[in-house]
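Subject: The structure and what was found in it

Dear colleague,

Here is the structure that I promised to pass on to you. Please open it first, and then read the notes below with it beside you.

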Amino acid sequence: MVHAASPSFRLAALALLMVGCASMAPPYEVPALPVSPRYASVTTQGGASVAAIGWRDYFTDPQLQSLISLALDNNRDLRSAVLRVEEARAAYGIQRAELFPTIGAEARGDRSRTPARMSLTGRPLVASQYQVGLGLASWEIDFWGRVRSLEDAALETYLATDAASRAASIGLVAQVANGYLALRGLDERIALARQTIASREESFRIFTRRVEVGSTSRFNLTEVQTLLTQAQALGAQLELARAAQFNALTLLVGAPVELPPEQGEFDESNVFRELRPGLPSDLLLQRPDIVAAEHLLKAANANIGAARAAFFPRIALLGSLGTASVELNELFASGSLAWLFSPSISLPIFDGGRRKNNLSLAETRRDLAVTQYEKTVQVAFRDVSDALSARVWLRQQVAIARTALATQAERARLSQLRFNNGASAFLDVLDAQRDLLDAEQQLVQTRRELLSSQVSLYAALGGGALDFDSPVAGDKPDPPRATSAP
């Protein structure tokens with residue numbers, strides 16, 4: 001004798017079927033690395049690994065550390081990036097809630113009067129009805145993984161936004177460091193220009209006296225004055241550049257900054273630690289922009305599963321459980337149990353090709369995400385390669401600039417001696433001193449570019465990414481509101 005299945009058995013079978021539902025998204029595969037397995041400009045493997053060093057350990061200058069800390073707390077662009085993470089997190093929580101039924105309590109009381117002409121008894125009829133219960137809103141049973149795929153896509157989008165926020169933090173650190181180095185470079189150039197102005201003012205005073213006593217020509221005096229005005233013009237230009245750079249750094253930090261001009265040569269030994277670049281494959285984990293691109297690729301992959309599941313029937317449940325009575329005092333009496341169970345199934349037969357085109361759109365967006373991921377990897381590889389090349393060749397340029405400066409200083413000294421002994425015209429002195437000033441300024445600029453290349457290398461390698469709070473890739477963060485596990 002065949003017995004009908006009990007309700008509990010049906011519920012257990014339904015739950016088992018729901019648990020066994022698999023996503024219809026295609027298997028995720030990491031695209032092949034579209035770059036060379038090694039960097040061409042690596043000359044040493046010494047130094048600290050960028051994955052194990054935070055920005056406070058890398059940037060050792062105390063003033064720079066203070067500026068970076070202020071910027072991370074006050075920069076408005078970074079605040080916007082953090083708020084976008086919260087926005088994506090809330091969107092993920094909303095989508096995740098679709099996995100759970102929506103249950104609400106409801107109480108209702110109805111009282112109506114039917115006119116005699118419409119009553120079956122021919123007399124006016126006054127009726128009452130009261131209901132109290134729990135209601136289940138239309139809840140989709142995710143047989144084909146459509147809702148689960150949408151939840152996965154929302155999660156990956158949230159993780160991508162978080163990684164983009166960390167990339168913005170690293171970019172901000174690099175911008176503040178470069179702004180600080182530019183300011184200190186201008187301070188050094190201004191100090192050199194002021195020394196030159198003071199020296200040429202003294203020369204102008206001496207030559208003015210010589211003209212007065214008739215020991216030299218007025219033509220030589222005009223040449224000395226030309227040197228002086230050139231140095232003064234350069235000093236004014238540098239002062240303007242420093243004011244603009246200071247204002248830019250203040251805006252970047254997002255708070256008032258106090259950085260009085262420094263005198264003398266900037267101490268390069270107390271700015272950075274040496275870095276070990278590692279391999280290009282390390283960038284896949286260290287660069288937040290690459291991590292973000294991969295999460296977006298996973299989101300696009302999950303959307304394909306949702307688009308595929310739309311071709312299958314959609315099953316939803318609607319129901320309620322409670323008590324009902326015509327008398328309020330009998331609402332919870334024995335026999336007043338009332339319930340409603342209303343499952344539904346729907347499958348569009350004709351939609352004008354909407355589902356087919358939606359699947360095609362999802363697949364195309366996945367292909368675009370693959371292309372964007374590969375482009376992000378290639379850009380990261382180029383950033384590191386450029387920074388490594390700059391570090392190698394700028395070091396050589398600094399050495400050449402130091403030699404050139406020493407040569408120009410000796411040339412200026414000899415030219416002045418020859419002029420004092422009447423062996424050459426003052427034009428030679430003019431040219432030598434002008435070239436000496438250019439050499440001094442060029443050395444400072446080249447040294448500053450070398451320091452900037454160190455900042456670029458740190459940012460290009462994704463340095464400090466682990467220094468900022470973020471969920472671990474693959475772990476699902478808690479939604480904004482606590483819910484029970486499915």
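Let me begin with a pair in helix 5, where R205 and E202 are 3 residues apart and are therefore separated by about one helical turn; helices here are DSSP runs of H or I with at least four residues, strands are runs of E with at least two, and both are numbered from the N terminus. R205 and E202 form a salt bridge in which the closest N and O atoms are 2.6 Å apart, a salt bridge being a side-chain nitrogen of Lys or Arg within 4 Å of a carboxyl oxygen of Asp or Glu. E202 counts as partly exposed because its relative accessibility is 36%, given that buried means under 20% relative accessible area, exposed means over 50%, and partly exposed lies in between (1.4 Å probe, protein chains only).

Before going further, please keep in mind that this is a predicted model, in which local features need pLDDT of at least 70 and side-chain atom pairs count only at pLDDT 80 or more, while totals for chains, interfaces and linings use all residues. Residues are numbered from 1 along each chain as its sequence is written, and side-chain values use heavy atoms, with hydrogens and water left out.

The pLDDT, which is the predictor's confidence in each residue on a scale from 0 to 100, has a mean of 84 over the protein chain, and 88% of the residues reach 70 or more. Over residues 1-20, however, the pLDDT is below 50, and this stretch has 6 contacts in the model beyond near neighbours in sequence, where contact means heavy atoms within 4.5 Å. Over residues 479-486 the pLDDT is also below 50, with 12 contacts beyond near neighbours in sequence.

The protein chain has 10 helices and 7 strands, and of its 486 residues 38% count as buried.

Returning to salt bridges, a search of the whole structure finds 19 of them. One joins the side chains of E188 and R447, at 2.6 Å from N to O; E188 lies in helix 5 and R447 in helix 10, so this pair ties together parts that are 259 residues apart in sequence. Both E188 and R447 are buried, whereas E212 and R209, which form another salt bridge at 3.2 Å between the closest N and O atoms, are both exposed.

Leaving out residues up to four places away in sequence, Q441 touches R189, L192, A193, L234 and L238.

Which residues touch the most other members of the largest nonpolar core? Among its 46 residues, they are F59, L67, V176, L181, F272, V384 and L461, a nonpolar core being a set of buried Ala, Val, Leu, Ile, Met, Phe, Trp, Tyr and Cys residues joined through side-chain atoms within 4.5 Å. Helix 5 gives the largest share of this core, 8 residues. Setting aside neighbours within four places in sequence, F59 is in contact with several residues, including L64, I68, V173, F272 and Y458. Apart from this core lies another, of 10 residues, among them A401, A432, L436 and L443.

With best wishes
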